[in-house]
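User: I have a model open and would like to go through it with you. Can you start with the overall picture and then take my questions?

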Amino acid sequence: MDEPHTPRPGRRLGAWAAGLLLAVSAVVTGCRLLDTDAITPVPQLLSFLPWLAVLLAAYARRRALALAAVVVLAATLWTLQPYGPDATTARGPVTARVRVLSANVEFGGATQALIAAIRRERPQLVYVSECDRACGRAVTGAFTAELPHHASVDADGSLGSVLLSAAPLRDEHTVPAAMGMPGATAAIGGRAVRVQLAHPLPPLPGRVDLWKRELGRIRDVAARDSAGPLILAGDFNASQDHAAFRAVLDAGRLHDAARLDGAARTPTWPAEGPLPPYVQIDHVLVSDDFTVRDVRLLHLAGTDHRAVLADLDLHTGR
């Protein structure tokens, strides 16, 4: 009589690992399909959604889990489609060409690299997150002729932010948040363009509610300013896989410039450290008054974020 077959310990461990991965992937993908960020650890795991698909594809060959894995894999792949339309409905002649640079300089560590990038790329609008007091003095002092106008939150560490502009600014205001989010109205090409820096708290365990609340305030700004030209940029600490970020896009009828340039999944963080960049959390969002000519991601020494450089055309709207 044959001995009963007993799976080897290694195979049992592999089966348990595959089953756990499948369960986690199913929950995360389900939350993405249901348009919710849920609670920890879902917001954090949503950042890994594309990579979960890769792991699922590897485990889909296991017979016992193959059918379930294929179903979850198909759902995951469906969610990986870039969010939003692939073009704006901008009308009328181009009234101005605008180059926008958005950078998180990580507690001011990339200040000198940012200054060099501004001199090289010559943007007309610069959004700087985690710009401490020394960083603020350095970037505003370095470009008194090219970018003489600015709105800022002067603070230490990650709390400070600066928005620099070649065009005059008015109606300056700050969105209430733990980290600085200044905004204003810029006179560009004969139009009043709202410019707003975004830098909500990250979705750390225990702070997910605060992250949602601050993204909700950004959503409110986007909805309020949706009637005219708007450029909303910065470190959103959120990707297109997060419902709170998609709500910002929907409320302001905004487009992600990277999406319009075919780079919706190009990661911006972390740009330094043991892991390669795996998620896009730095964005330049534009209203339907703009078309996008080009988007590039820049490496700045001293920060764990890639900067986003976007070339935009502002249309008359008529």
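**Overall picture**

Analyst: Of the 318 residues in the protein, 52% are buried (buried is under 20% relative accessible area, exposed over 50%, partly exposed in between, with a 1.4 Å probe and protein chains only). This is a predicted model, where local features need pLDDT of at least 70, side-chain atom pairs count only at pLDDT 80 or more, and totals for chains, interfaces and linings use all residues. Residues are numbered from 1 along each chain as its sequence is written, and side-chain values use heavy atoms, with hydrogens and water left out.

User: How many helices and strands?

Analyst: Nine helices and twelve strands, taken as DSSP runs (helices H or I, at least four residues; strands E, at least two) and numbered from the N terminus.

User: Which residues have the most contacts inside the largest nonpolar core?

Analyst: Leu125, Tyr127, Ile188, Val195, Ile231 and Val284, in a core of 28 residues. Strand β12 (residues 307-315) gives the most to this core, with four residues. A nonpolar core here is a set of buried Ala, Val, Leu, Ile, Met, Phe, Trp, Tyr and Cys residues joined through side-chain atoms within 4.5 Å. Apart from that core lies another, of 21 residues, with Cys131, Cys135, Leu164 and Leu298 among them.

User: What is Val195 in contact with?

Analyst: Leaving aside neighbours within four places in sequence, Val195 is in contact with Leu125, Tyr127, Leu163, Leu169, Gly183, Ala184, Ala186 and Ile231. Contact means heavy atoms within 4.5 Å.

User: Switching to Thr29: buried or exposed?

Analyst: Thr29 is buried, at 2% relative accessible area. Thr29 sits in helix α1 (residues 9-33). Not counting residues up to four places away in sequence, Thr29 touches Leu49, Val72, Ala75, Thr76 and Thr79.

User: Where are the cis peptide bonds?

Analyst: One joins Thr40 and Pro41, with omega about 10 degrees. Pro41 is in the loop between α1 and α2 (42-46). Another joins Trp269 and Pro270, with omega about -10 degrees. Pro270 falls in the loop between α9 (257-260) and β10 (282-286).

User: And what is phi at Glu106?

Analyst: Near 50 degrees, a positive value in a residue other than glycine. Glu106 is in the loop between β1 (94-104) and α5 (111-121) and counts as partly exposed at 21% relative accessibility.

User: What about Phe107?

Analyst: Phe107 has a positive phi of about 60 degrees and is not a glycine either. Phe107 lies in the loop between β1 and α5, and at 48% relative accessibility it counts as partly exposed.
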